[in-house]
Amino acid sequence: MAEQQFSDTQDEQPYAQQRDWLLCHSCGELQKVVSISPRHQMVCCNCDEVLHSAEPRRLELASALSVTALILFICANTLPFLTLDVGSQSQTVTILDGFFALLERQQWILAGVVITTIFLFPLIEIFAFLYLLIPYSYNRHLPGQRIVLRWLVIAESWSMLEVFMLAMVVGSVKMADMAVLHLDEGAYTFFALVAVLILTFVKLNRRHLWSWINTNNYFSMSPDEIVYDCRICHAMVGESIIDRTHECPRCHSEIHRRIPHSLQKSTALVIAAAVLYVPANVLPIMTYSTLGETETDTIFSGVVELIQQELWGVAIIVFTASILVPMAKLIILSYLIWSVKAGVKRGAKQRAFLFKLTEIVGRWSMVDVYVVTIFVSLVQFGFVYTVEPEAAIIAFGAVVILTMVAAEAFDPRLIWDVLDDKNSR
């Protein structure tokens, strides 16, 4: 169901209060929070979405991890990262040298994407962790914590350090036949940083953190009106408040009954991504210059080269992340949009799973963008060996970003609205 109506026959419903209810973000089903053991999770009775976990002391552990992440972040971005030896020549780079190399080549868009996803967003996340979790450990409220947590939730999917780590593995394998690659101190601290950030997100109990910032999670003008969930803090907000202010009273983020013009936005973004998908796979993404000879490399030719070297594992990873996943996302999003417009009622749970899958795997297609960045910064040996980026990598990066934004614009509750014969689109 897309929303629920609840009648309170006891006292008059106040404007704001704490209630042991949760609205499922995926389908909108309203359900009561029950006591669970520390080793279990509460899932939605309608679509099986995980609602919350009862693991104790999660935020305290996340606080310690955030301090560790800051130290590792500084080390990973200042210490030498990789060293490439080609004969008697050697090239050592830091993690940010790829960004500066792209700037030198006036690849402004690509450089912006790289610096945003592997430096700015991770740095924002770490400072957000510190600003939220350390005061939480001492039960001290600071100004602006609500805004910080709101932007932490929004920026979570755009921090891609783990994708960059996979790109390092792919790039190392591709360089193995032409040079010797060494991991420096920055690379080891980077691996540790990725592990710590992942563990921090796992231990970050957003529901408890929002409750600590503002204990109220139910806002209504009358006791029996329909309530909707906030996509950021998951507060339950009455439709009268939504219609009047379009703002969540707890986190102050924009809130609507359904994402406005969701299908139109998703359709336009999917079409744009589909158009760019063709040049992204047909045109070259890199140019190799070796002893005066120049060769170009497309995404597919890179996979073929890995197969010829019998590197089947890496070839499967690159093919899946760079070719199969973007194509699958375009097909899945097109199918979801069509199913909602056509009023398809069967397989709602399966379609909700497909949507969740697009959200999880979409960011991993950035692997090729980061591989090109690593090559451009590292493989610069003049006449001996040089790598330069080509136009297709910009088109490919645009495909990844457009499909990610299309998934965010699509409201998964529309899938379930059809079952209730509602038309809130």
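## The second largest cavity

Rolling a probe the size of a water molecule over the atoms shows where empty space is left. The structure is a predicted model, in which local features need pLDDT of at least 70 and side-chain atom pairs count only at pLDDT 80 or more, while totals for chains, interfaces and linings use all residues. Residues are numbered from 1 along each chain as its sequence is written, and side-chain values use heavy atoms, with hydrogens and water left out.

The lining of the second largest cavity consists of K174, I285, D297, T298, I299, G302, V303, V318 and D368; a lining residue has an atom within 4 Å of a point. By class, these residues comprise 4 nonpolar, 2 polar and 3 charged. Nonpolar covers Ala, Val, Leu, Ile, Met, Phe, Trp, Tyr, Cys and Pro, charged covers Asp, Glu, Lys and Arg, and the others, Gly among them, count as polar. Helix 10 (residues 299–308) contributes the most to this lining, with 3 residues. Helices (H or I, at least four residues) and strands (E, at least two) are DSSP runs, numbered from the N terminus.

## The largest cavity

The structure holds 2 cavities of 30 Å³ or more, and the largest of them has about 60 Å³ of space. It is lined by F81, L82, V93, T94, I95, G98, F164, T373, I374 and S377. Helix 13 supplies the largest share of this lining, 3 residues. The lining of the largest cavity has 6 nonpolar and 4 polar residues, and no charged ones.

The whole structure contains 8 salt bridges, a salt bridge being a side-chain nitrogen of Lys or Arg within 4 Å of a carboxyl oxygen of Asp or Glu. One of them joins E162 and R363, whose closest N and O atoms are 2.3 Å apart. E162 belongs to helix 5 (residues 161–175), whereas R363 is in the loop between helix 12 (348–361) and helix 13 (367–378), so the pair links distant parts of the chain, 201 residues apart. Residue E162 is buried, at 17% relative accessibility, and R363 is buried as well, at 10%. Buried means under 20% relative accessible area, exposed over 50%, and partly exposed in between (1.4 Å probe, protein chains only).

A second salt bridge connects the side chains of R413 and D229, at 2.8 Å from N to O.

## Around helix 8

The closest N and O atoms of E239 and R257 are 3.2 Å apart. R257 is partly exposed, at 31% relative accessibility.

I242 is also in helix 8, and this residue is buried, with a relative accessible area of 0%. Apart from neighbours within four places in sequence, I242 is in contact (heavy atoms within 4.5 Å) with Y228, V237, I255, H256 and R257. The C-alpha atoms of I242 and H256 are separated by 6.1 Å, although the two residues are 14 residues apart along the chain.

## A serine in a loop

S220 is located in the loop between strand 10 (218–219) and strand 11. It is buried, with a relative accessible area of 1%. The side chain of S220 makes a polar contact with the side chain of E225, at 2.8 Å. A polar contact is a pair of N or O atoms within 3.5 Å; within protein, one must be able to donate a hydrogen and the other to accept it, and residues adjacent in sequence count only if both atoms are side-chain atoms.

## The chain as a whole

The chain has 15 helices and 15 strands. Of its 425 residues, 51% count as buried. Among contacts in the chain with a separation of 6 or more, 70% are between residues 24 or more positions apart.

How values were computed: On a 1 Å grid over the protein atoms alone, a cavity is a set of points where a 1.4 Å probe fits but cannot get out, and a pocket is an open set with protein on both sides within 12 Å along at least five of seven lines; lining residues have an atom within 4 Å of a point. Grid points are joined across faces, edges and corners, and a volume is the space filled by probe spheres set on the points.
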